[in-house]
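Please have the sequence and the 3D view open as you read.

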Amino acid sequence: MNVAVLGAGAMGHGIAHVSALGGHSVIVRDVEQELVENGLEQIEENLEGGVEREKITPAEKDDAIERLTGTVSLETAVEDADLVIEAVPEELEIKRAVFEEAEEFAPSDAIMATNTSSLSVTEIASVFEDPSRCIGLHFFNPAHIMPLVEIVVAEQTSGDTKEFADHYVESIEKTPTTVTDVPGFASSRLGAMFSLEAIRMAQEGVASIEDIDETMRLGYNLPMGPIELVDHTGVDVNVEVMEYLREELGERFKPPQLLKRKLRAGKLGRKTGEGFYVWEDGEIVGVSDTGDVTE
């Protein structure tokens, strides 16, 4: 299968990684050559980490790298694609614009998948002449490690498209779950509630950020605490998702002031070096000052 991944950032390069490792030919596209090269370099680094942890063999790593190419040309990326997966910023108009342009160059039978974590796949699909070939493939960060892919079925999605998506997810050795296209799907809606309540508790002084996260890690067997996860995915992304869910589902998804203050300060988490935690080389090295915040 030929897979085109549109976006070479954290989600894009992770999706490209697992697709190539699953035996597919993959083209990664972004708007600047430097972004493409950074994405490919990160994939190679993560594959090497897999070899060191004995998750994959050196031969599997080399084969995956051989299946990967990069480009800044949208036409080159999608012209032979069986599957196009967008992993661009979580903004409806950006996703629709990318797909509208991609449709001009992609084969008429290519499956078009959005990696949105909360936006309406039905609304995204409406940009296509044939929206039945659009579906949501919601990967989790980091995509090369997290085992789940949430398959989101839009109002227009055909049975053949859903079957194709199931086959693809199984081919990359991920576990699929299927949800209908409702705001936040299952994962983002539930995850947002965890994060919202955890940040509110920190804001109210119920417990420290570290203790709240440790409680959830050990008490609920989570790989990381809900506040650390906000830093990992990005404070800005979380605010956008929460505001969208608030608009669609009500005030229970209102972002806490502590979260909004981090956004205003540009402390967006791991990608900026500071959010709720302080980060160096992708690792937590301290806790950021939260100060006194009231709702």
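The notes below cover a hairpin, some salt bridges and a pocket.

## About the model

This is a predicted model, in which local features need pLDDT of at least 70 and side-chain atom pairs count only at pLDDT 80 or more, while totals for chains, interfaces and linings use all residues. Residues are numbered from 1 along each chain as its sequence is written, and side-chain values use heavy atoms, with hydrogens and water left out.

## A hairpin

Let's begin with strand 9 (residues 277-280) and strand 10 (residues 283-287), which pair in the antiparallel sense over four bridges. Strands here are DSSP runs of E with at least two residues, and helices are runs of H or I with at least four, numbered from the N terminus; two strands pair if DSSP finds at least two bridges between them.

Strand 9 and strand 10 form a hairpin with two residues between them. In the turn, D281 has a positive phi of about 50°. Across the pair, Y277 stands opposite V287 in strand 10.

## Salt bridges

A salt bridge is counted when a side-chain nitrogen of Lys or Arg lies within 4 Å of a carboxyl oxygen of Asp or Glu. The model has 13 salt bridges by this rule. One of them joins the side chains of K61 and E48 at 3.0 Å, N to O. K61 lies in helix 3 (residues 58-66) and E48 in helix 2 (residues 33-52), so this pair ties together parts that are 13 residues apart in sequence. K61 counts as buried at 14% relative accessibility, whereas E48 is partly exposed at 29%. Buried means under 20% relative accessible area, exposed over 50%, and partly exposed in between, using a 1.4 Å probe and protein chains only.

D166 and K162 also meet through their side chains, at 2.8 Å from N to O. They are four residues apart in helix 7 (residues 159-171), so about one helical turn separates them. K162 is buried, with a relative accessible area of 18%. Shared partners link salt bridges into a network of E48, K61 and D62.

In another salt bridge, the closest N and O atoms of K95 and E90 are 3.4 Å apart. Both K95 and E90 are buried.

## The second largest pocket

Which residues lie nearest the centre of the second largest pocket? They are L21, K55, I56, H144 and E173, out of 20 lining residues. Helix 1 (10-21), helix 2 and helix 3 each give two or more residues to this lining.

Key: 1 Å grid on protein atoms, 1.4 Å probe; cavity = no way out; pocket = protein on both sides within 12 Å on 5 of 7 lines; lining within 4 Å.
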